[in-house]
Number of protein chains: 2
Amino acid sequence: MSTNWFSDNSGTMDNLNLIFSALSHETRRGILERLTLGESRLSDLAKPYDMSQTAVSKHVRILSDAGLVTVERRGRTRHCRLNAEPMKQATDWLIDYQAFWLNQFDSLARHLTNKED
Amino acid sequence: MSTNWFSDNSGTMDNLNLIFSALSHETRRGILERLTLGESRLSDLAKPYDMSQTAVSKHVRILSDAGLVTVERRGRTRHCRLNAEPMKQATDWLIDYQAFWLNQFDSLARHLTNKED
DNA sequence: AATTTAAAAAACCAATTGGTTCACTATTGG
DNA sequence: CCAATAGTGAACCAATTGGTTTTTTAAATT
């Protein structure tokens with residue numbers, strides 16, 4: 001697919017892999033949702049979950065690797081906050097994709113209903 | 001996160017896991033992009049890729065499990081086509097999420113610029 | 001009927017994921 | 001200084017992923 005109309009060969013594909021992969025786990029989506037309410041310490045982030053803080057820390061790391069969360073060290077605590085800009089890459093892919101698909105669907109619908117082609 | 005404003009407890013989370021996970025691999029996004037051009041046999045789908053047809057078949061299976069592709073058996077060939085409706089779930093999550101985030105950002109911006117709060 | 005073709009199934013493998021526990025490093029507070 | 005707190009790092013584990021090759025099934029072709 002290297003010569004497809006969608007490709008850009010600018011390294012954003014790798015980002016998309018990381019971003020979609022990060023979004024594919026419920027815990028991580030939960031963390032992101034939580035962070036829309038405002039910045040949070042790691043330990044606070046971990047509280048609602050029935051898993052070790054170490055596990056949550058790993059999830060945060062994955063979000064951070066995907067660029068979706070930034071972690072600022074402040075004393076002995078880590079403060080996480082959203083960085084939604086990279087998320088836009090994912091949204092854009094989906095929107096573009098849907099545009100193409102809807103277009104195709106419209107063509108099909110036009111064809112089936114014989115309205116204007 | 002079971003009592004979060006985002007949750008719906010209606011099983012769509014599992015779908016989101018499958019959908020985002022399916023989207024997190026370049027080959028699978030490539031297949032979807034290819035399918036926006038129209039339906040395709042599995043063997044044709046596999047041609048551009050430097051991997052076995054079995055591997056591509058597995059990718060298609062993952063897309064199919066996520067509901068993004070439907071496979072119709074026609075004689076000895078399998079014909080794949082898009083089913084973009086489930087994709088809307090992913091788009092909706094991202095859009096909703098961005099809305100919340102942008103909202104938060106606006107609040108922050110207002111606060112920082114001291115314009116109206 | 002025999003051969004080729006399309007695709008899945010099965011068995012296998014290395015690498016990754018998602019979790020654990022335990023040890024360690026800082027940092028804060030008494 | 002000492003104890004408690006916040007967090008990471010390392011080692012470990014079972015399950016999953018992404019690929020392979022080989023086998024099998026079923027349909028099309030000759």
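Trainee: How many salt bridges are there between chain A and chain B?

Mentor: In this predicted model, the count of salt bridges between chain A and chain B is zero. Polar contacts are a separate matter: six residue pairs, both partners at pLDDT 80 or more, are in polar contact between the two chains.

Trainee: Which helices of chain A supply the side that touches chain B?

Mentor: At least two residues each are supplied by helix H1 (12-23), helix H2 (26-36) and helix H5 (85-113) of chain A. The largest share, 12 residues, comes from H5(A). By residue class, the side of chain A that touches chain B divides into 22 nonpolar, 11 polar and five charged residues.

Trainee: How is the extent of such an interface expressed?

Mentor: The accessible area lost when the parts come together is often given as the size of an interface. Here chain A and chain B bury about 3,500 Å² between them, and 64% of that area is on carbon and sulfur atoms. In terms of residues, 38 of chain A are in contact with 38 of chain B.

Trainee: What rotation superposes chain A on chain B?

Mentor: A rotation of 180° does so, with 0.0 Å of shift along its axis and an RMSD of 0.0 Å. The two copies are therefore related as by a two-fold rotation axis. Moreover, 100% of the interface residues of chain A are also interface residues in chain B, so the copies meet through the same surface.

Trainee: Which parts of DNA strand C do the atoms within 4 Å of the protein belong to?

Mentor: Sugar or phosphate accounts for 72% of those atoms, and bases for the rest. On the phosphate side, an N or O atom in the side chain of Ser43(B) is 2.6 Å from a phosphate oxygen, and the corresponding distance for Ser57(B) is 2.5 Å. On the base side, a polar side-chain atom of Arg76(B) lies 2.9 Å from a base oxygen of DNA strand C.

Notes. Residues are numbered from 1 along each chain as its sequence is written. Chains are lettered from A and ligands numbered from 1 in the order in which they are written. This is a predicted model: local features need pLDDT of at least 70, side-chain atom pairs count only at pLDDT 80 or more; totals for chains, interfaces and linings use all residues. Side-chain values use heavy atoms; hydrogens and water are left out. Contact means heavy atoms within 4.5 Å. Buried area is the accessible area (1.4 Å probe) that two parts lose on being put together, summed over both. A salt bridge is a side-chain nitrogen of Lys or Arg within 4 Å of a carboxyl oxygen of Asp or Glu. A polar contact is a pair of N or O atoms within 3.5 Å; within protein, one must be able to donate a hydrogen and the other to accept it, and residues adjacent in sequence count only if both atoms are side-chain atoms. Helices (H or I, at least four residues) and strands (E, at least two) are DSSP runs, numbered from the N terminus. Ala, Val, Leu, Ile, Met, Phe, Trp, Tyr, Cys and Pro count as nonpolar, Asp, Glu, Lys and Arg as charged, and the others, Gly among them, as polar. A residue is near a molecule or strand if one of its heavy atoms lies within 4 Å of it. Copies are superposed by least squares on the C-alpha atoms of residues with pLDDT of at least 70 in both.
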